[in-house]
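Colleague: Please put the model up and take me through it. Start with the terms and the ground rules.

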Amino acid sequence: MVNVPMLDHFSRSELACPTTGEVRLAPGFGEALEQLRIKFDEPIYLTSACRSPGHNTKVRGHPRSLHLTVNEHWATGGTCAVDVVATDGQYRAKLITLALGQVWSVGVASNFVHLDRRSRHCGLPQVLYHYGR
Ligand SMILES: [Zn+2]
């Protein structure tokens, strides 16, 4: 196994691809996630982190998704995105504000918040977007 992170606040199983069990994170991504969690100082529950290409297709993820463990388009070196359960308004606002301040890009959906490190790993500008219907 390569690149199995040892993170204080996130288990291997919640980071792993549900289909393959693989954990492959972009360099520094685990550390960035830990930093966010420590500053946030509240539980962060992930619904999606690593996705193998097969799993990403299965869940109809974007073909260039930053959840991908192996990304054909971006040389990320591994997954650099997570989805966080976030239904409470205050929790969402606090998480989004903090994440933006730590140069995460943020996608807001009705019941979760997508966080990724595109500006770090893809050279893309930081964005804040909403998942429309
Ligand atoms: Zn996502």
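Modeller: Axes are lines fitted to C-alpha atoms, for helices over the stretch in contact, and angles between N-to-C directions run from 0 to 180 degrees. Helices (H or I, at least four residues) and strands (E, at least two) are DSSP runs, numbered from the N terminus. This is a predicted model, in which local features need pLDDT of at least 70 and side-chain atom pairs count only at pLDDT 80 or more, while totals for chains, interfaces and linings use all residues. Residues are numbered from 1 along each chain as its sequence is written, and side-chain values use heavy atoms, with hydrogens and water left out.

Colleague: At roughly what angle do the axes of helix α2 and helix α4 cross?

Modeller: Helix α2 covers residues 29–40 and helix α4 covers residues 89–101. Their axes come within 10 Å, and they cross at roughly 130°.

Colleague: Is α2 parallel, antiparallel, perpendicular or oblique to α4?

Modeller: Under 35 degrees counts as roughly parallel, over 145 as roughly antiparallel, 65 to 115 as roughly perpendicular, and the rest as oblique. The axes cross at roughly 130°, and that makes α2, relative to α4, oblique.

Colleague: Is the crossing of α2 and α4 left-handed or right-handed, and which residues of α4 make the contact?

Modeller: A crossing is left-handed if the near helix is turned anticlockwise from the far one by less than a right angle, and right-handed if clockwise; here it is right-handed. Contact means heavy atoms within 4.5 Å. From α2 the contact residues are Leu36, Lys39 and Phe40, and from α4 they are Tyr91, Lys94, Leu95, Leu98 and Ala99.

Colleague: In what order do the strands of the sheet lie?

Modeller: Two strands pair if DSSP finds at least two bridges between them. The sheet is open, with mixed pairing and five strands, in the order β1-β2-β4-β3-β5.

Colleague: Which are the edge strands, and what is the average twist?

Modeller: An edge strand here pairs on one side only, which applies to β1 (46–48) and β5 (128–130). From one strand to the next, the twist averages 25°.

Colleague: Are the residues of β4 mostly buried or exposed?

Modeller: Buried means under 20% relative accessible area, exposed over 50%, and partly exposed in between, with a 1.4 Å probe and protein chains only. In β4 (residues 112–116), four of the five residues are buried.

Colleague: Which residues coordinate the zinc ion?

Modeller: Donors are N, O and S atoms within 2.8 Å of the metal (3.2 Å for Na, K and Ca), and water is not among the atoms, so sites may look incomplete. The donors follow the spacing H-x15-D-x30-H along the chain. At 1.9 to 2.0 Å, the zinc ion is coordinated through NE2, OD and ND1, respectively, of His67, Asp83 and His114.

Colleague: Which strands hold Asp83 and His114?

Modeller: Both residues are buried, and Asp83 has His114 as its bridge partner in β4. As zinc donors, Asp83 and His114 tie together parts that are 31 residues apart in sequence, because they lie in β2 and β4.

Colleague: What is phi of Arg60, and what is phi of Val103?

Modeller: Arg60 lies in the loop between α3 (53–58) and β2 and is exposed, with a relative accessible area of 78%. Val103 is in the loop between α4 and β3 and is partly exposed at 41%. Neither residue is a glycine, yet phi is positive in both: about 55° for Arg60 and, for Val103, near 65°.

Colleague: With which residues is Gln102 in contact, leaving aside its neighbours within four places in sequence?

Modeller: Gln102 lies in the loop between α4 and β3 and is buried, with a relative accessible area of 17%. With those neighbours left aside, Gln102 is in contact with Ala32, Gln35, Leu36, Lys39 and Arg117.
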